[in-house]
Amino acid sequence: MSKKKKNILRVMVLLVLVLGIIQLYEPKTMIDTVNKYGMAFAPRTLYWGVTGQDVRVVQDKLLRWQYYDGQVDGIYGARTYRAVRRFQEKNGLKVDGVVGPSTASAMGISASAAPAGSTQGVSRSADEYLLARTIHGEARGEPYIGKVAVGAVVLNRTKSPSFPNTIAGVVYQPLAFTAVADGQINLTPNKDSINAARDALNGWDPTYGCLYYWNPATATSKWIWSRKVTLKIGKHWFGI
Amino acid sequence: MEKRRHWIAPVLIGILLVGAIAWGYNLYTINERYATALDNHYQRLFHDVKSHVENVQVGLSKALVATSKERNILLFSQIMTDANFAQDKLGQMPISHADIANTEKFLAQAADYSYFLIQKHLDGKDISPEEREALWSLQENSAMFNGELARLHDSMAESGYIYEAAAVFSKKDRNVNDKNEFQTSLTNLESHVGKTPELIYDGPFADQIINKKPEGLGNKKVSMEDAARIARDFIGGNKSTRIEAFEQGEDIDELRIPAYTFHLFQGNQKNDLPIYAGVSKKGGKLIWMANPRPIGKEDVSIKDAEKLALDYLKKHGFENMEPNYSLKYDGHILFNFAYKEDDITIYPDLIKVKVALDTGEIISFDASAYYLNHKDRKLDTPKISAEEARERLRTKFDIDSTRLALIPKGKNEILCYEFKGKYKDADFIIYINALDGKEEQILQLIHNENGTLTF
């Protein structure tokens, strides 16, 4: 009898434990996204390809802690990227090679010294990174020109009256991009996608003003074929 | 012993069952919470759109009655705000773009048109009969929109979630025929709004501005073979250069600049990185080229790079180009060149040149803005002097430089004095109309280490 009681007790404890774990399981993805991409905007998020004084600070710290073996030149390149990844791995952070708020605070870097005055906090890098993520989610298997073309379509839409007028408005418009709907937009963009976003923002438009693109192999909407078909870049058809 | 074993299995299954039920219930409540939160958000958007569109309609009706310019300016600024909000919020609703493209356009143009009329009133001009007509048609459209929204509102009170009503998350492959009330209503509106005549005015969302055709290309038609040769000559390829054209659709000629686009492979290897180029079908001009090759160690100074870019432009027949702004990133530097005529900087005629800082090679060239805008111009002579223009500036504005420039304004180009200077430690460029002294444009400069952005 006493053994039976013990068993029941064990079972009860187990049950409580299991339930406890289930209750604690809450998806944390939203918070992760906010942390990862620095949506609070205050300090600049550093990633492959950015340059500046803040990169120098990161490199200096990593050099002193022996994660980094390159030059402190203020350019976020392959070596800095690997050093940041090593640092994140060692410190139990999310290993993505991007210096966001959590990595920055783990390094002991406070909010970056943005210039004071009437242009404080104004910069294009938040848009640039969002566009890079969109390109990465939508077209990472495409040739370089196909990536720029996808970025150009997003930018052309911001200038069209039939679409929202901001990059975020266009990207997050419901049902507009599959990569947004299935969360692929939250993948960390690679260097190619970031460069393509920059080229698109700097005015390269290989689509000559197109507003739509679709992959004939996967497009589900019949409506899209009623658009004016203009040219094919990579696997995508572009249209107006 | 055996008895005990009999006893363990059901208990384990029991635990698993209880665990699974608890887990499932937990997921269900979380899911319910998300669904409600999302629906609340969409409900809010829907009601906001409804009240904004109501305000637009009422505002337009009032503007048609009002007689004073002052009253109209206030009304139009309200219409502009409400139309902008309505468009923004409509774009966030879970409705496919195909169902609301024209409606969004109508709202954007209503806002844009109001802004145009505000400017007109501020210049002391009255609304013309044609513009009254246009306002009337805008008012009719917004009234119709309002009616549809009210109808939807009633039907939505019965069906549950708004995104179920919009039927966007339920089926992947939506059949055109089984549209529900939500879509039917929006599609009615779409086709109605789509039929209203184009608004003729001067603003960024006006159809004439969007559909502007290039001015600097000429009319000579060019075959694809000739275009390929033009691209190869421009890039400096040799006989072994392999050229492939991008596949074209049937409506390629409806693009703003109809063009042939090519890959050019310089070497013979299969995995060679191509250079891309676009050649216009009319006039056979190379519109743009880009060579997205990886870049090695920086070896060229910015000054040398600028000279290389200028030489490149001269070599390809672009004289009188002046560098205005540069941006250095990823081992290359991008220069913006503007055309210069009679010492006046012509900003619309813009060419971008990118120089690789490892070898000094030109890796990208883009003259699409130049060919869209360039033409033989009759430039005005300024009616006021630089001194007179300077008097119009704020007193504590420290001027660094002054020059004459032609800047785009809607479909027109206006001659201005350009004042670059500082006000309270921030950099600005201010444009004063050289004919009537009006303050036309203010740009603020935003510095970073690699270049300067103009907003």
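**Entry 1: a bridge in chain A**

I looked up the bridge partner of A:Tyr213 and found A:Phe238, in S3(A). I am working with a predicted model, in which local features need pLDDT of at least 70, side-chain atom pairs count only at pLDDT 80 or more, and totals for chains, interfaces and linings use all residues. Residues are numbered from 1 along each chain as its sequence is written, while chains are lettered from A and ligands numbered from 1 in the order in which they are written.

S1(A) pairs with strand S3 (residues 236–239) of chain A in the antiparallel sense, over three bridges. Pairing here needs at least two DSSP bridges between the strands. Strands (E, at least two residues) and helices (H or I, at least four) are DSSP runs, numbered from the N terminus.

**Entry 2: the sheet**

What is the order of the strands in the open sheet of chain A? I read S1-S3-S2, three strands with antiparallel pairing. Strands S1 (212–214) and S2 (229–233) of chain A each have a single partner strand, so they stand at the edges with one side lacking a neighbour in the sheet. From one strand to the next, the twist averages 25 degrees.

Helix H7 (residues 144–158) of chain A lies across S1, S2 and S3 of chain A. H7 runs at about 140 degrees to S2(A). Such angles run from 0 to 180 degrees between N-to-C directions, with axes fitted to C-alpha atoms, for helices over the stretch in contact. Contact means C-beta atoms, placed from the backbone, within 7 Å.

**Entry 3: domains of chain A**

The domain assignment, automatic or from a database, gives domain 1 (30–106) and domain 2 (125–239) of chain A. Their C-alpha centres lie 27 Å apart. Ten residues of domain 1 and eight residues of domain 2 form the contact.

**Entry 4: two helices of chain B**

I turned to helix H2 (residues 69–90) and helix H3 (residues 97–122) of chain B. They pack at about 155 degrees, with axes 8 Å apart. That makes H2(B) roughly antiparallel to H3(B), a label for angles over 145 degrees.

**Entry 5: chain B against chain A**

How many residues of chain B are in contact with chain A? I noted 56, against 47 residues of chain A. Elements of chain B that each supply at least two residues to this side include helix H1 (2–65), H3 and strand S12 (439–448).

Conventions
Two residues are in contact if their C-beta atoms, placed from the backbone, lie within 7 Å. Angles under 35 degrees count as roughly parallel, over 145 as roughly antiparallel, 65 to 115 as roughly perpendicular and the rest as oblique.
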